[in-house]
Each structure stands twice: as C-alpha cells, then as structure tokens.
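Please keep the structure open beside them.

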Amino acid sequence: MAVYRTVVVGTDGSDSSFAAVDRAAGVAADAGAKLVVVCAYYPASKHDVEQAQDELGDEAYQVVGSAPAEDTLQSARDRAVKAGAKDIETVAATGEPVHVLRKVAHDKAADLLVVGNRGLNTLAGRILGSVPAEVARKSGVDVLIVHTT
C-alpha cells in the first residue's frame with residue numbers, strides 16, 4: 001500500500017465535515033503526511049453585508065467575506081492537532097466545493113482527498129449530485145468518503 005504524502009480534506013463547519021477532518025488527520029498522522037484543510041465559501045453580497053450590519057451591528061464582521069470560513073478552518077485545525085496531525089495547512093477559497101477541492105488537491109499535489117458522506121444517500125444528492133459523489137467521480141486522486149451520518 002502506498003503511503004500518502006499529502007492529504008486534503010474539505011470542511012464546511014458541519015459535524016459531518018468535522019468527522020472527516022478527524023479521520024483525515026488520523027490518516028495524515030499515521031502516514032507522517034501533510035494535511036491540507038479546505039473550506040470553500042461564497043463572498044457575501046453587498047446587500048447581505050448591509051443586512052448583517054443592520055441586524056448584527058458590531059458583530060457583522062463574523063459574516064463578511066471569508067471570516068466564517070476562517071473560523072471553520074481554525075476549529076478544524078484544532079481538531080486535527082488533537083487527532084495527531086503535525087504538518088497542517090488551511091485554505092479558504094471562493095467557489096463551489098467540488099471545484100475548490102479538486103483545484104487544491106491538484107495545486108498541492110495531494111494523493112488523498114477526504115470528504116464526509118453527507119448528502120450521498122439523500123434524494124437531492126442522488127438527483128443533483130452531492131459533494132462526495134462528485135469528488136469521487138471527478139478527482140484524479142484516491143478519495144476516502146468517511147461515513148459520518
């Protein structure tokens with residue numbers, strides 16, 4: 001069995017995605033591999049920012065731009081450290097999750113991509129396609145789909 005050198009895992013801050021982070025961190029720790037934790041996001045529109053400022057006041061910074069993604073990545077990093085990963089990089093990137101994960105996996109020369117199974121067995125996931133299914137179909141590297149639900 002090949003030893004993985006770079007493991008990429010996607011997270012959106014959900015419990016399911018954090019379970020995937022935990023598993024990816026364990027694999028990376030066991031293999032002595034680099035772990036790259038990725039969070040895809042869409043920037044807030046001007047209208048959304050103004051609405052957040054009206055409703056949240058000083059707390060609006062938490063939903064502007066990449067702030068929520070950065071918070072998610074910090075939580076994921078903390079979990080990865082607890083799971084034993086040593087070499088951890090985080091990436092917040094604008095865009096659709098499957099595209100972002102594939103691009104980061106390619107750019108980082110990853111040999112394993114890890115995602116949770118959320119959406120895989122739902123009706124919407126079967127009709128529209130889920131992140132795990134799309135990643136498995138379109139990725140050029142090994143994919144580990146972690147059973148999280």
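1. Start with one helix. Asp-107 and Lys-103 pair through their side chains in a salt bridge, 2.6 Å from N to O. A salt bridge here is a side-chain nitrogen of Lys or Arg within 4 Å of a carboxyl oxygen of Asp or Glu. The two residues sit four apart in helix α4, so about one helical turn separates them. Asp-107 is partly exposed at 48% relative accessibility. Lys-103 is partly exposed too, at 44%. The classes are buried (under 20% relative accessible area), exposed (over 50%) and partly exposed (in between), with a 1.4 Å probe and protein chains only.

2. On the source: this is a predicted model, in which local features need pLDDT of at least 70, side-chain atom pairs count only at pLDDT 80 or more, and totals for chains, interfaces and linings use all residues. Residues are numbered from 1 along each chain as its sequence is written, and side-chain values use heavy atoms, with hydrogens and water left out.

3. pLDDT is the predictor's confidence in each residue, from 0 to 100. The protein averages 81, and 74% of the residues score at least 70. Strand β1 (residues 6–10) is highest, at a mean of 96, and helix α5 (residues 123–128) is lowest, at 39. Two stretches stay under 50: residues 59–64 and residues 119–129.

4. The layout comes next. The protein has six helices and five strands. These are DSSP runs, numbered from the N terminus: helices are H or I, at least four residues, and strands are E, at least two. The order is β-α-β-α-α-β-α-β-α-α-β. Of the 149 residues, 40% count as buried.

5. Which residues of helix α6 (residues 131–138) are buried? Pro-132, Ala-133, Glu-134 and Val-135 are. Their cover includes α4 (97–107), β4 (112–116) and β5 (142–146).

6. Back to charge pairs: the structure holds six salt bridges. In one of them, Arg-5 meets Asp-111 at 3.4 Å, N to O. Arg-5 lies in the segment before β1 and Asp-111 in the loop between α4 and β4, 106 residues apart. Arg-5 is exposed at 59% relative accessible area, whereas Asp-111 is buried at 15%.

7. Glu-89 bridges to Lys-34, with the closest N and O atoms 3.0 Å apart. Glu-89 is in strand β3 (residues 87–94) and Lys-34 in strand β2 (residues 34–41), so the pair ties together parts 55 residues apart in sequence. Lys-34 is partly exposed, at 28%. Lys-34, Glu-89 and Lys-108 form a salt-bridge network.

Conventions:
Contact means heavy atoms within 4.5 Å.
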